[in-house]
Amino acid sequence: MNEVFIFATLNGLVTGLLLFMLASGLTLIFSMMGVLNFAHASFYMLGAYIAYTVSGYIGFWGGLLIAPLLVGALGAGVERYGLRRVHSYGHVAELIFTFGLAFLIEELVQFFWGRDTKNYQTPELLDFALFTLFGQEFSAYRGFMIAISLGIFAALYVVLTRSRVGIIIQASISHPHTVANLGHNVPFIFMCVFGAGTALAGVAGVIAGPVLTTFPGMAVVLGSIVYIIVVIGGLGSLPGAFIASLLVGLLQSYAIAADAGMPELLEWLGVSFERSHPLNDLWTLKLPQIAPVLPYLLLILVLIFKPTGLMGNREE
Amino acid sequence: MKKHLLLWAAYALVLVLLPSLFSSVLGISILNQMTIWILFALSYNMMLGQGGMLSFGHAVYFGLGGFMSVHALNLIADEVLVFSITLIPLVGGVFGLLAALFIGSFSTRKAGTVFAMISLGIGELIVASSLIFVDFFGGEAGVSGDRTYGPAFFGIEFLQDSEVYYLGAFWLFVATLLMYLFTQTPAGRMANAVRDNPERAEFIGYSTRRVRFITFCAAGMFAGVAGGLFAINYEFITEENLNALTSGRVLLMAYIGGLGFFIGPIIGAVILTLMNSLLSNYSEMWMLYLGILFLLTVMFLPKGFAGFIMMHRAAWNNGKMGSLVLPYCLTALPAGLFLTAFIGMVELSHADELLHFLSMDLANDSAFSWFVLAMLAAIGAGGVKLARPRLAAAWEHANAAAQEAKS
Amino acid sequence: MSILTLDSVCKRFGSTEIIRDVSLAIEPGEKHAIIGPNGAGKSTLFHLISGRYNVSSGAIDFKGEAIQNLPPYEIARRGLARSFQVTNIFHRMSVFENIRCALLWSEGYRYSFWRLLGKQTALNARAHDMLEQIGLADKADLPSGELAYAQQRALELGIAVASGAELIMLDEPVAGMSNSEAENAVALIRRITEGKTLIMVEHDMNIVFDIADRISVLVYGEIIATDKPEHIRSNTRVQEAYLGEVPNDA
Ligand SMILES: Nc1ncnc2c1ncn2[C@@H]1O[C@H](COP(=O)(O)OP(=O)(O)O)[C@@H](O)[C@H]1O
Ligand SMILES: [Mg+2]
């Protein structure tokens, strides 16, 4: 029991931190521009694919450096030449634009890289077991994922709280309109934040690609969960996004690891049931089966009881 | 009033005559798809265009209506239920409505991003459950039925696709009429008001939540009717019909067609169904073209194709349309050339063998082939650049004249 | 009996108290003006009465019923209509539709989806009549978002008064209008509020002294005086706190 729990916690942590890497960029972008960027996970996918190609030439570490920069530049370009234009048509149009962009990027990835799964590997340098617990190995790469996520958050935190740019961004989060009045070049800041946010998604893609497999559906797999996380945490709240990311990561990880479900519950309640009942599927439901559903359930519950999300306070 | 009756008569006439014009197997099959998608897109427009609720999960009502309809078909086949399959769309409608009643009761409190995210969450939830509740949803394979059982409808047993078409066209006509009439009622008009300015709507006595809820339920019901048509036409349904892909597709249709206009989604559904059925035979890349078309529409035609047509109202009223024809042609020709060359390049990049294109044989590895296409594209782009000022001037002229006439 | 009473109403945003212990009683048929410098809390007070904001403490009674913290639509249905300082219309709908929507609830149409608006002759006639009164009859079919500023203000006023509510609250109804437009608007306000109760925020003292039966002066969230116009004019506290500033303020 104990070992299952510890590994589930570690895996949940890895997933949660990865999710937060996406959610933090998404939150930054939302806070400043009021747009929920539906294509955010697509930039994550681009990060994985570009890193895969680059690492073919100069190895994993080169990919880790170059791919996020390229993705960030692409993101900035999308903001400059696409989103900025659509901005004047209102929020629905913006949301729909990023939705279409997600669709297009998925097609473009298939156009350039094909439909098959890419053999994107973890670097040899990290191909060993970091530690062994109860006879189970925890790979060094997962440790590296945790380390790099934490490193990035530390950097992000320092930039946001200590630098001038960070202070302007923070101001834009709480008082989006005042910043423009103070004479800052808001469109330029928007472009940079969008670029930085997508670059973060790119980093997440580079490090997740080898473990979560690099294939054209990877954006969809993670995407909707990330959007849900930022809403659960409260749109525009970085701490909220952090809590929600870990919550979702751990919740899913525990549900998958748990070997329990309706049969056990019913047995515990002393209810016996007929195998051929029309609701058979419901009575035999196991927790690992509903793991993928949990984030959505959580979302719906949170939105019903606290429409602004866990830590959000901004009404629309 | 007269004018309206005439329009509706024309609509009915077109629906009746279409199968005679496109009587091939492919033609009828496409027409059948169109009836389904037009109805579905109209119901989506009710939600977003009329009610201002951006949903990423509209396929839920379509799919649930469809699943219940297929199950109803099976119950008819097993003689548990005895009624004509012509009424199946009603089954879809009822269950679409029930689902919307339940989901709408908690999701319509807010519009905007919160609503959009709840709709996404519910959509994903239902899709995930569909893989869990295999008895009802049939797992990955889906559920199939047979539409030829049950009492015959005046001797028609729906063995032929064309018979199915008339059934679909009938329900489409009825549903279109009802949806249009809804826009003319107090609830329908308040849906527009709430879309435009929810705050003010509350100060003239209306609960925005209630107004949204009514629109939401109506839209869910008509989506369910479309799902019923789907069930009759394909005789099977899978999880794919309620997932995000289908939700996204209907959003695409409504948006490309034009959200603000009642006929917008009809145009969008026709365009996308045609692209889907025709292009997908010719090119593996059609989804890529669709994505590009969608983004360009969002960027340059925010009101969709219907909005683009409506932009010409002023020019039309002043009889200035004629002056626009030539500039339009002069721009469209090179634009078409550019587009053709672009498509040629996209196709060529993925061609394993010789690509027969514009009566040329192009090869993937031949620099000359690429050069020819690049030249054509450059000529097209240059032509557009040359023609644009003239078009802009003509546009200016036509609309300036319109303003003069007004004042 | 008063039609509207406020009893020790307070409103805080975070730690700042914007409305401090306001008590006020409005008599049926009274024309009441609220004046005070910018930022005094006049609009906030309107929002509290009409249900846009919840009160932090205190009670508001309308026709003998407590209405504080009810949703705006509940309050509107009880016969309280208001306009906004910042134009707040249905911008994509036609001018005519704007007015007709404002009439729907009070004419008993509720949420009906079985009656066609085109067939409701009496309703449509009332809407057209209202358009005539606010001088927008020739713009009936234009999307309201395309109206000029002053016309939008007229429409804003029209939406507020269309339903024929017993208590009408107008927040700076003529601000930004030219002199002649303002004159028309004032005449309209007079006509439409005949026999009804009016609460109005207005900066133009001529209009205030012209229309109002009583005036309340709001400064920093507190009502420092409520009285007949002639007494307000001579009230020294008011002169100190407010009237002295009028020239700079306007
Ligand atoms: N939602 C709010 N949150 C915080 N402060 C507010 C809010 N609404 C108004 N205020 C503050 O309350 C004060 C009064 O504003 P307002 O009622 O608009 O004044 P007036 O209408 O008298 O000019 C202002 O200082 C304003 O900044
Ligand atoms: Mg004010």
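Leu4(C) has Ile26(C) as its bridge partner in strand 2 of chain C. Strand 1 (residues 4-13) and strand 2 of chain C run antiparallel and are joined by seven bridges; two strands count as paired if DSSP finds at least two bridges between them. Helices (H or I, at least four residues) and strands (E, at least two) are DSSP runs, numbered from the N terminus. The model is predicted: local features need pLDDT of at least 70, side-chain atom pairs count only at pLDDT 80 or more, and totals for chains, interfaces and linings use all residues. Residues are numbered from 1 along each chain as its sequence is written, chains are lettered from A and ligands numbered from 1 in the order in which they are written, and side-chain values use heavy atoms, without hydrogens and water.

**Four-stranded sheet of chain C**
- The strand order of this open sheet is 2-1-4-5, and its pairing is antiparallel.
- Strand 2 (16-26) and strand 5 (65-66) of chain C form the edges, each pairing on one side only.
- Helix 1 (residues 42-50) of chain C lies across strand 1, strand 2 and strand 4 (57-62) of chain C, at about 115° to strand 1; axes are lines fitted to C-alpha atoms, for helices over the stretch in contact, and angles run from 0 to 180 degrees between N-to-C directions.

- The residues around ligand 1 include Phe13(C), Ile18(C), Pro37(C), Lys42(C) and Tyr53(C), where a residue is near if one of its heavy atoms lies within 4 Å.
- Helix 1 of chain C gives the most to this shell, with three residues.
- The shell divides into five nonpolar, five polar and one charged residue; Ala, Val, Leu, Ile, Met, Phe, Trp, Tyr, Cys and Pro count as nonpolar, Asp, Glu, Lys and Arg as charged, and the others, Gly among them, as polar.
- Oxygen atoms of ligand 1 lie 2.8 Å from a polar backbone atom of Gly39(C), 2.9 Å from a backbone N or O atom of Gly41(C) and 2.5 Å from a polar side-chain atom of Thr44(C).
- Of the 560 Å² of accessible area that ligand 1 has on its own, the protein covers 60% (Shrake-Rupley method, 1.4 Å probe).

**Six-stranded sheet of chain C**
- This open sheet has the order 6-7-8-3-9-10 with mixed pairing, and its edge strands are strand 6 (80-82) and strand 10 (222-227).
- Strand 6 pairs in the parallel sense with strand 7 (residues 167-171) of chain C over three bridges, and Ala81(C) has Ile168(C) as its bridge partner in strand 7.
- Helix 5 (residues 149-162) of chain C packs on the sheet, touching strand 6 and strand 7, with its direction at about 160° to that of strand 7.

**Chain contacts**
- Chains A and B share the most contacts of the two pairs of chains in contact, contact meaning heavy atoms within 4.5 Å.
- No contact joins chain A and chain C, and their closest C-alpha atoms lie 13 Å apart.

Note on methods:
A polar contact is a pair of N or O atoms within 3.5 Å; within protein, one must be able to donate a hydrogen and the other to accept it, and residues adjacent in sequence count only if both atoms are side-chain atoms.
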